[in-house]
Structure formats: structure tokens, C-alpha cells
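Let's take a walk through a protein model together. Please keep the sequence and the 3D view side by side as you read.

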Number of protein chains: 2
Amino acid sequence: MPAVTFLPGFRKISVEPGSTILDAAQKAQIHMNVVCGGEGKCGKCIVFLKSGRVDFDRKKFGRFFSPGEIDEGACLACQTVPLDDVQVFVPENSLIQEQKILIDARGIETEFNPAVWKYALELAPPSLEDPSPDLTRLLWGIEKSGGPRENKIYVPLEVIRRIPAVLRESGWKITGTVTLVPGGYRLIDVEKGDTSGNLYGAAVDLGTTTIVVYIRSLIDGEVVGVASNYNKQISCGEDILSRVNYARKGGLSHLQSLAAESINDALTSAANNAGIDLDDIYEVVVAGNTIMTHILMGINPAYMIEEPYVPVVKRYLTSSASRAGIAVKEDAGLFIFPAVSDYIGGDIIADVLASGMTESEEVSLLIDIGTNFEVVLGNSDWMFSCSGAAGPALEGGEVLFGMRANPGAIEEVSLDMETLVPEYRTINQIKPKGICGSGLIDLLAELLRACIIDRTGRINTSISHERVRTGRYYPEFVVAWKHDTGIEKDIVVTENDIKNLIMSKASILAACITLMNQAGIRREDISNIYFSGAFGNYINKENAIIIGLIPEVPPEKIKNIGNGAIEGANIALLNRKKRKVLDEIARTMAYIELNAEPSFMDEYTRSTFLPHTDLAQFPMVEELLESCRIRRD
Amino acid sequence: MPAVTFLPGFRKISVEPGSTILDAAQKAQIHMNVVCGGEGKCGKCIVFLKSGRVDFDRKKFGRFFSPGEIDEGACLACQTVPLDDVQVFVPENSLIQEQKILIDARGIETEFNPAVWKYALELAPPSLEDPSPDLTRLLWGIEKSGGPRENKIYVPLEVIRRIPAVLRESGWKITGTVTLVPGGYRLIDVEKGDTSGNLYGAAVDLGTTTIVVYIRSLIDGEVVGVASNYNKQISCGEDILSRVNYARKGGLSHLQSLAAESINDALTSAANNAGIDLDDIYEVVVAGNTIMTHILMGINPAYMIEEPYVPVVKRYLTSSASRAGIAVKEDAGLFIFPAVSDYIGGDIIADVLASGMTESEEVSLLIDIGTNFEVVLGNSDWMFSCSGAAGPALEGGEVLFGMRANPGAIEEVSLDMETLVPEYRTINQIKPKGICGSGLIDLLAELLRACIIDRTGRINTSISHERVRTGRYYPEFVVAWKHDTGIEKDIVVTENDIKNLIMSKASILAACITLMNQAGIRREDISNIYFSGAFGNYINKENAIIIGLIPEVPPEKIKNIGNGAIEGANIALLNRKKRKVLDEIARTMAYIELNAEPSFMDEYTRSTFLPHTDLAQFPMVEELLESCRIRRD
């Protein structure tokens with residue numbers, strides 16, 4: 001049997017007499033570019049003969065080579081039969097490029113390993129000499145073009161039924177779409193002509209309030225469209241508990257279709273902007289909290305809100321997008337992120353993936369703050385998580401002039417330590433209407449530094465200053481005078497607001513410390529603190545430490561990963577290998593039930609001080625407060 | 001780590017401290033009987049401690065043991081923790097019985113390895129200590145009961161959606177049904193309570209004319225019901241070509257639903273007789289010719305009847321029965337036999353499987369005779385096949401008094417060599433109405449032996465006998481006088497009938513010889529000739545040789561396998577391992593296009609003699625004819 005040695009890799013393989021160089025390449029798992037399916041028509045599989053004798057008709061195929069290439073011994077691998085042992089050099093261009101390094105929109109690097117591929121083929125029509133069945137002809141074409149082996153591809157009945165007409169009506173020029181499934185591959189589509197340029201995937205962040213979608217090319221990973229809109233389920237209840245209750249009362253299928261509709265609307269607007277067809281989206285990856293993904297998949301979420309709080313499913317789910325009512329390509333794949341528990345859902349696992357914290361032995365702390373908060377502590381070897389209710393204060397609720405991060409919200413504040421006059425910035429730079437979370441954190445930190453409040457949050461009413469006054473019920477500090485605002489009222493922060501803010505931040509800090517104690521980790525051991533979600537975007541890192549929202553670490557260790565859910569969904573869409581990582585994350589991560597943890601209440605009580613009862617845990621803050629006190633004294 | 005040695009197999013395995021004997025058994029791939037999922041509730045996993053120390057509460061679980069068993073060291077594997085290295089004996093009863101040798105209805109042995117299993121489970125309800133999700137709880141229960149590993153089981157969305165209600169409404173006592181799919185397993189059903197006794201599968205022979213179904217228990221393989229009925233497609237054309245033409249004119253979906261209806265009717269009557277529910281049928285295996293299976297799957301068969309005659313698909317197909325409109329359990333599997341070509345379909349591959357010819361190095365010849373015939377020659381290493389039109393004569397068509405094998409058909413005839421008086425037997429022993437195939441073969445052989453016809457089939461009209469006469473158009477021989485028949489007419493066989501019969505038999509013999517020549521096989525090399533189909537059931541083996549329907553072999557080498565299609569379907573239903581063999585058969589078998597084989601016409605011409613021009617190929621027949629001639633001379 002002749003042996004073929006492939007350069008530059010020096011892979012050597014023996015083949016049956018009469019086999020082509022392409023056959024040998026396939027046997028050697030070298031994936032060559034064979035658009036025509038090995039028919040000598042596309043001229044993509046050029047190799048250079050370095051030694052040995054071959055049977056190749058250089059005259060017939062000469063049109064594919066430059067004179068220089070002919071001098072170097074150019075052959076088409078698919079039309080060249082080795083007559084004895086040969087050595088051939090395979091240029092880069094003749095190989096299918098499998099892995100590319102992509103730079104993500106937000107700067108996260110991931111390998112490009114999508115789970116869907118298209119193969120444009122020009123098949124030889126059947127003849128009496130080659131009466132292979134249509135399906136075999138098609139699958140061999142895919143195999144010869146560097147696709148998976150013919151006998152590894154499952155073909156659903158619906159696709160088989162379409163094949164004979166598509167092949168004949170297109171003159172045997174078609175495009176097949178193959179996706180990865182457990183145990184092999186699946187042919188999910190056959191189209192007339194060359195549609196290999198139309199191959200897209202969608203990443204979806206299915207939030208309780210907002211839905212974000214990205215549409216990306218699955219050929220090069222580029223973002224082609226982005227859109228977001230409200231989750232239409234809001235009409236059935238604003239918070240997640242009321243949604244579950246609605247589902248319980250027979251509303252599950254209505255909620256399910258609202259979720260699908262919301263995704264479809266966002267996809268439609270992103271696709272329209274990009275000028276692409278929803279039918280060219282072949283895969284959808286969704287990250288969402290456990291209740292949201294249960295509802296999207298039509299699975300009853302009711303048992304998650306009553307003792308003993310069990311989800312129906314935690315593992316990742318694969319299905320077809322159409323079964324969840326998502327209006328992309330028929331038979332497009334749907335991948336739903338796994339969950340750790342009812343509270344730690346696919347959105348948090350996406351955060352973890354996006355942070356990259358599982359890829360390093362360095363210990364990281366990840367915090368996702370909303371009405372509820374989730375905290376994850378760990379590294380590549382282990383991971384602890386917990387969740388809790390932060391209360392609405394950090395989102396502007398239960399705070400007299402609190403508001404969400406909408407136009408007019410004060411998002412940054414600093415006080416002149418001498419005059420106590422606040423300098424602030426509002427969203428969209430219009431007159432202030434209220435204060436949002438990041439502004440409230442700044443304010444708390446600044447009031448503490450200025451000794452207007454003490455470490456328990458009490459306002460020092462003995463300070464004689466026009467901005468420090470007693471309101472109708474509580475002492476308060478005036479942030480903006482009526483005539484400077486957009487609401488015709490003095491914007492103030494009251495002692496009661498401060499109390500609520502401290503309770504919120506105390507829950508989060510106590511959760512962090514509880515996880516650290518569980519894992520035996522000191523704050524010095526923490527290499528990164530990641531904030532996920534809109535909240536983290538605008539937060540002043542030092543002020544977050546000053547008030548004791550998080551453990552004290554050098555501020556440069558604090559990073560903001562933005563919308564980790566959509567980031568993680570994007571990564572899983574582009575790099576199928578990360579999907580296995582997700583399941584490992586979900587299996588590795590221990591969930592600590594804070595209410596069952598006796599030490600948590602103690603930590604909480606200690607955390608209701610600014611920043612904490614034990615200043616030794618906040619040495620930088622201790623020093624800062626010391627210097628402020630000295631200055632003011 | 002403690003090591004557990006399992007007797008009587010002497011498998012030794014080390015386990016983490018704290019693991020149970022059951023955990024060790026699972027690690028060692030020993031499948032124990034654990035109905036309760038390892039909760040110490042069912043008492044099925046008894047083992048006997050032979051050496052070493054264990055932690056086991058013999059008082060608490062004493063109710064499961066007889067005093068003798070306690071003396072022998074009985075423990076429950078799921079509740080016993082080895083404290084150091086131990087040896088335990090595992091009695092047969094504690095193991096899940098995986099393989100049994102079954103004797104099939106027709107005497108074919110096959111291992112019992114079905115592709116569907118039920119697991120009756122009593123799950124512990126979730127608690128704050130164990131808040132595992134519903135799906136994990138269920139899959140772990142299956143794994144602990146000896147089923148596949150939890151992470152190897154794919155669960156379709158439809159089943160996940162049903163799980164929470166089924167678990168709770170049943171008090172956590174449920175039955176899960178798992179089937180094998182490419183790359184793993186699939187949970188296809190979850191039912192309340194213990195339904196593990198209701199597990200059936202169906203084997204279907206989808207014939208052009210007739211449909212035969214078997215319903216079998218998938219617990220022990222027993223046949224519980226059999227039924228057959230006409231293929232309702234007959235209303236759209238009796239022969240297969242007219243069906244394809246009907247499909248071409250837009251009738252495919254009508255033909256498809258008629259096929260499904262015909263199968264459903266047969267299944268319903270078999271299930272009703274057996275007193276079982278169609279919903280308890282979890283898998284359907286169908287063997288049929290290539291056109292019939294294309295139509296059943298809704299795949300256009302049109303390209304098989306025009307040049308270059310290509311099927312859409314040859315590989316085996318798996319889908320769900322519901323997609324083909326077969327009214328068994330929702331999500332029940334459907335397995336369709338593969339094909340070799342448009343003419344050699346799943347029915348012939350089923351014949352080959354049923355014959356067992358692929359399991360031996362002995363060379364066998366398999367012949368399936370109908371309006372068309374198929375011939376397969378080969379052994380475990382190689383296989384050749386061909387097909388052709390036999391013409392209708394052997395089924396009683398184009399023969400003046402020919403008829404199908406219905407009541408009143410003469411199915412056996414012999415002549416008194418002295419008086420030339422025929423002795424015959426009719427189906428149902430009523431007055432004769434005509435002659436069916438086996439009767440015609442007998443008649444041809446007897447007329448030859450009696451020298452009433454010569455080796456070209458001409459009637460020797462010079463014989464002066466009342467039964468040898470000249471009819472309206474042709475010389476003829478009277479088989480039954482008018483007054484003895486049920487049709488008020490003399491039943492005769494004419495010289496023209498004989499000519500038609502010879503043309504039919506010549507096609508078959510020439511096909512056999514052509515394959516033998518291709519393979520370089522002499523008649524002495526043939527160890528078995530298998531007849532498949534109703535035709536072979538009643539044929540007189542010696543007479544088939546005398547007329548030269550088949551090559552001459554000692555008659556004891558000729559075997560009849562009955563309806564090979566239904567036999568093969570039954571085997572594939574009961575023994576999933578044989579399904580791989582099917583694909584190998586389909587891939588191994590070469591198809592010889594007789595029309596493209598120049599030697600075939602020569603062989604045909606030589607075969608239009610009785611038995612053949614070359615008597616040296618029929619030495620037994622030569623001797624016989626010699627002795628007859630001598631006697632009559």
C-alpha cells in the first residue's frame with residue numbers, strides 16, 4: 001500500500017492502492033478545503049508534490065495553478081493518486097480554518113468554535129455508474145468538504161423528505177447545514193444554491209425586566225445586530241414572585257408565549273437593522289434566571305417558591321428553538337444555560353463564564369446586584385455561591401428621592417469637605433430628579449468622610465449648616481436645592497434612607513464574608529472582585545469599599561463585567577467548548593443557604609456599620625476616616 | 001480506600017470511604033436490582049458478607065431476610081458501608097437479568113437485548129436537606145436502579161414538562177421509560193405508579209400487498225399478539241409501480257396515511273386480542289421494500305423508477321412512531337430497516353438476518369420469490385445480490401387455471417407413473433378451483449418425469465391417453481375432470497402455461513447462476529438454500545430442483561424461512577445489537593444489475609430447458625430422468 005506523508009506536519013498514512021491524496025488526508029484527519037466535494041471542480045485542495053510518483057492530469061486541471069505553482073509540483077489532492085510512497089506539502093490555504101481567536105465586543109477573548117456549519121456543495125448528479133441514494137450523495141459531499149463523517153450525521157425525517165426536490169431543483173448545487181448534537185451531528189437544513197454566507201446565531205439574555213439579544217455571524221463571529229426590549233411578562237406581574245404566582249394560576253402558557261414574543265421582537269428588530277433574515281439564524285443560546293428559563297421552556301416554576309424550593313431541572317437543556325416558540329430557522333438549535341439552584345440561575349453562570357474566574361487559580365469574588373443579589377466566590381477548582389434579598393434601596397426604592405438609573409438621576413456625587421457643597425452629575429446632564437444607586441453609594445461615603453453621619457448612619461444634627469436639617473420625620477441632608485432640580489423640590493437624603501441603604505449593603509457584605517469564611521479565604525487572598533449588571537457600571541469603587549458594600553481590596557482589583565448574562569451567552573454561542581464548562585460550573589458550585597447559616601446573622605449585624613464593626617478588616621477606610629476626623633476636628 | 005470484592009465474579013473495586021456496597025457495584029458495572037433507588041425500602045439488593053467488616057443495621061432491615069440468610073451474612077448492598085476490605089457474594093436474584101436466550105416463534109434463537117427499559121421507582125420526596133431538582137432526582141433513581149448514568153440520558157422537553165406533576169400526583173412513585181439513541185439514552189416517558197409490567201414493542205412487515213404485525217413483551221420477549229391485513233394502498237394501485245405513479249401525481253401523503261392506517265389497524269386488532277393498550281407499545285420496527293418504506297416515511301419514491309434509479313435513502317432510519325402516523329405511545333421509537341438498492345430493500349435484509357447466513361462462513365443462497373424475485377448469495381464475509389421480474393406464472397398468473405394460494409388451489413400434485421392419474425391436495429381440502437405455484441412446480445416435474453413433456457416443455461401429443469389432448473389453442477394435460485372440480489370445468493395445464501412457467505423459473509435460475517459465477521462459487525460450495533416468503537412454504541424441494549428453479553443441491557440443504565421480513569423485524573426488535581448487523585449487511589452487500597451483466601442472457605437461455613441445457617450441473621436430475629425414460633421405453 002502506498003504511504004502519503006503530509007508536510008509540514010509529517011503525518012504519514014498508508015492507503016489502499018487507487019485512493020487519492022484527499023482520501024489519505026481524510027484518513028489522517030487533515031481537513032482540506034473541498035468545496036466541490038472532491039470532483040476536481042473547485043481547485044481549492046492544492047497540494048505540492050515533494051517526492052514520489054503520482055497519477056495526476058496536470059493538463060486537465062492546469063487552469064487552477066499559476067506557472068510558479070506548477071513548477072513547485074502543484075496537484076489537486078482530490079484528483080491525484082499516489083503510485084508509490086509520496087510526500088506532499090499542504091499549504092495553509094488548502095486547509096479549512098477551524099479555530100480563530102476572536103476579540104469580543106467587550107474585550108473578552110474566546111476561541112471561535114461554533115456548533116453550526118454550512119457546506120456549499122456542487123454534487124455530481126446520479127448516473128447508472130453511480131446510483132448512490134440522494135442522502136448518501138449529500139452526506140459524502142459534506143464529508144469530502146471537510147465535514148463530519150457521513151455515518152456520524154443524523155438526519156431528521158423532515159429534512160430527508162425535502163432532499164430529493166432540493167437537489168434536483170437546484171441542479172445539484174446545494175448548501176447543507178450541520179450542527180453538533182450529543183453523540184454526533186445533525187443535518188438541520190438543505191437549501192438550494194450556495195447560501196453558505198448566511199449563517200447566524202443569537203445570544204439572548206432573558207431578564208425578568210429586560211431582554212437583550214445579539215445576532216452574530218457564525219462564519220467569523222462578528223456582531224451583526226443588537227437589540228433589547230422589555231420582557232412583556234411585566235403585564236402579568238413586575239417581580240418574579242408574581243410571575244410564578246401567575247403561572248400557578250394557569251398562566252404558564254401565557255407567560256411562555258410572552259417570553260417567546262419578547263425574544264422574537266428583539267430578534268426581529270436586530271435582524272431588520274442588520275438586514276438579515278430570521279430564517280438564517282441557526283442557533284439560539286439563552287441565559288436567564290432559573291424561573292425565567294423554566295417559563296420559557298414551558299416548565300412549571302411553582303415548586304421553586306415553596307418549601308423545599310426545588311426547580312424541575314438544573315442541567316442545561318437543548319431543544320429546537322421552534323419548540324419554545326422562537327421564530328428563527330425551523331429546527332434551529334436552542335441551548336439553555338444550566339442553573340445551580342432556584343436562585344443561582346443561568347444568568348449567574350453566564351456572569352461566571354464572562355468573568356473568566358473559572359480559568360484561573362486566583363480566587364475571585366463575583367457580585368450581581370439587583371433587588372436580589374447573588375455572590376460567587378471561587379476559582380478553577382472550587383466555587384461557593386449564595387443569594388439573598390438586598391432590598392430595593394440600592395435600586396432607589398425605599399429611599400425618599402431614590403430613582404432608577406433614568407435621565408435626571410444623580411449618578412455621581414462628591415462633597416466639598418470644607419463647604420459641604422455637593423458636586424454632582426446626572427444621567428443625560430439634565431436637572432436632577434432624584435438619586436440612583438451609584439449616587440446613593442457616593443453620598444453615603446461622602447457623608448461619612450465629612451463626618452455628617454457616623455458609622456451607624458446617624459446624621460449629626462449638631463452640625464450647623466443649611467444642608468444639615470431636620471425634615472418632617474427624620475434628620476436629612478440637602479443634596480440639591482429646589483431651584484436647581486427638575487422636580488421643584490429640595491432633593492434630600494434622610495436618616496431613614498441611610499438606614500435602608502445600610503441594611504441593603506449589610507446583606508451583601510455579610511454574604512461575601514460568609515462565603516469567605518466557608519471557603520477559608522481572607523480578603524488578602526482575593527485577586528478580583530467582579531461586578532456584574534448595570535449597577536456595577538457606574539459605581540465608584542472606592543466609595544463601595546468606604547461604605548462596606550464589599551470587602552476591602554485594592555480598588556484596581558475591582559472590575560466591572562457589564563451585562564455578564566449576555567456576555568456569557570455570547571461566549572457560549574461562539575465557542576461550543578465553553579458549554580461543557582457551564583455544566584462543570586453548575587456541578588462544581590456549592591450553594592450556601594444563608595438563612596440556614598447561623599453565622600450569617602452575626603455577620604449581617606456587624607455589617608450594619610459603615611463600613612463594618614471591625615475596622616481592622618478595612619484598614620484603608622480606617623486610615624481615611626482617621627484623617628477626615630483629624631481634619632474636621 | 002476500602003476495596004470490595006464481588007463473588008462469584010471476583011471483580012474487585014476500591015471505593016471512597018463512606019461509599020456503600022451498591023456504590024461499589026455500580027462502579028464495577030454490576031447491575032443490581034434496586035427498585036427503591038437505593039433507599040433500603042425494597043430489599044432487592046441482598047448480598048452476603050463473606051469477609052471483612054461493614055457498617056450495616058441488621059436489626060433495622062431484618063424483615064427482608066430469612067433466618068438462614070441472616071446466618072449467611074445477608075446485608076442490603078444499598079445500606080452497607082464497608083469499613084475495610086470486604087468480600088461479598090452477589091446472588092443471581094439480586095442482579096438485573098440483562099441477557100436471556102429466547103427461542104423465537106419459528107425456532108430462531110436470538111439474544112434478548114431490547115432497546116427500551118422501564119424503571120419503577122419510589123423516590124424520596126425533596127426536602128430542605130435534599131432539594132435536588134425533580135429531573136435529577138428521577139434520573140438518579142434510574143441510575144441507582146441499574147439504569148444508564150444520569151448524565152447520559154437526554155430528556156425531551158415534552159417529558160420534562162410533565163415531570164413535576166407526575167412526581168407529585170403519584171406520591172413520588174413513578175415509572176420511567178428509557179430508550180437507546182445514538183450517543184446515549186433518551187427518557188421517553190414518565191408515568192404515575194408502577195407500570196413496569198406494561199412494556200411492549202411491535203415488529204411490522206410492511207408488504208406491498210399484506211401487512212403483518214407482531215406485538216411482543218419487551219420484558220421477556222414473549223409474543224402477545226399477531227395480526228395481518230391488506231395494505232390499504234391497494235386502492236391506489238395493486239402493483240408497486242402504480243403506487244409510485246400515484247405518489248408522483250401528488251398522492252404521496254395519501255399513500256403515506258394509508259400505510260400508517262394499515263399498520264394501525266393491524267396493531268389495534270393484535271392489541272385488542274392480547275388485551276393490551278396501544279399506548280404501552282414503546283417501539284416499532286418496520287421491514288419493507290425500499291419503495292414501501294420510502295412511502296411510509298413520507299419520502300418521495302419517484303426517482304427509483306426512472307433512470308438512474310436512485311432511492312433517497314438507504315441507511316436505516318430512526319424517528320418517532322408518531323411522525324409516521326403510527327398510533328402507539330407518543331415519542332415511541334421507530335426503526336426502519338436499511339436497504340441495499342431500490343430493489344433490495346429492508347424486507348430482503350430482514351430475510352438475510354432471519355436466515356442467519358451472515359453468521360457463518362458457509363456459503364448460502366437466499367431466494368425470495370414473488371412477482372419479482374430477489375436472490376442473495378454470500379456468507380459472513382461477503383454478499384452479492386440481484387433482483388428481477390419472475391413474471392406472474394409462479395403466482396398463478398398467465399397460467400390458464402393458475403390461482404393464488406387460496407382455498408381450493410391445488411398445492412401438491414403427483415402422477416401415477418403408470419396410469420398418469422394425478423393425485424392432488426387442495427388448500428382447505430375442498431374441490432379444486434385451480435392450481436397455485438407449488439402445485440404448478442409439482443406438475444411440471446411430474447410431467448417431465450412421466451415423459452409427457454420434454455426438456456423444452458413441449459407436450460408429447462403422440463401419447464395416447466385421455467388426459468393428454470389438444471385444447472382450443474395448445475396441447476394440454478388434464479389435471480382434474482370437470483365433475484371433480486369446484487368450477488364445473490376440466491382443470492388443465494397447457495403447453496403455453498408450461499412455456500410461461502419455464503420463462504419464470506429460468507429467470508430465477510439464471511440469476512442464481514450469475515451470482516455464483518460472479519462470486520466464483522460452484523453448486524457444491526453451497527451449504528444452504530433458503531426460500532423466503534409464502535411461496536417457499538409449500539414448495540416440494542426435489543421438484544424445484546427437477547425443473548431447475550434452483551441449482552441442484554442435496555434437498556436437505558434447502559430450508560424454508562417463512563416470512564423472513566417479519567422474522568427479521570422480530571429479531572431486530574428483540575435484539576438491538578442486530579440493528580448494527582443490518583447496517584453492515586446493507587453496506588457489505590454488492591448489488592449486481594442483471595440487465596447490465598452480458599452473461600445473464602446466456603444463462604437465461606440455457607435455463608429455459610428443464611432443468612437446464614447442461615445436465616452435468618444437475619446430476620441427480622439427469623439420473624432420475626434417465627431411469628424414467630428407461631422405464632417408459
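A residue is called buried if 20 or more other C-beta atoms lie within 10 Å of its own, exposed if 12 or fewer, and partly exposed in between, with C-beta atoms placed from the backbone. The model you see is predicted, so local features need pLDDT of at least 70 and side-chain atom pairs count only at pLDDT 80 or more, while totals for chains, interfaces and linings use all residues. Residues are numbered from 1 along each chain as its sequence is written, and chains are lettered from A and ligands numbered from 1 in the order in which they are written.

Let's start with helix 14 of chain A, residues 598-607. Helices (H or I, at least four residues) and strands (E, at least two) are DSSP runs, numbered from the N terminus. Phe600(A), Glu603(A), Tyr604(A) and Ser607(A) are the buried residues here. They span an arc of only 105 degrees around the axis, which puts them on the same side of helix 14 of chain A; the arc is that of the directions from the helix axis to the C-beta atoms. On the face turned away from that buried side, helix 14 of chain A carries the exposed residues Pro598(A) and Thr605(A).

Next, find an open sheet of three strands in chain A, with the order 24-23-25 and mixed pairing. Two strands pair if DSSP finds at least two bridges between them. Strand 24 (422-426) and strand 25 (434-435) of chain A stand at the edges with a single partner strand each, so one side of each is left without a neighbour in the sheet. Strand 23 (residues 409-415) of chain A runs antiparallel to strand 24 of chain A, and five bridges join them. Look for Ile410(A), which stands opposite Thr426(A) in strand 24 of chain A.

Now zoom out to both chains. How many residues does each chain bring to the contact? Chain B gives 34 residues and chain A gives 34 residues, where two residues are in contact if their C-beta atoms, placed from the backbone, lie within 7 Å. On the side of chain B that touches chain A, the largest share, five residues, comes from helix 4 of chain B.
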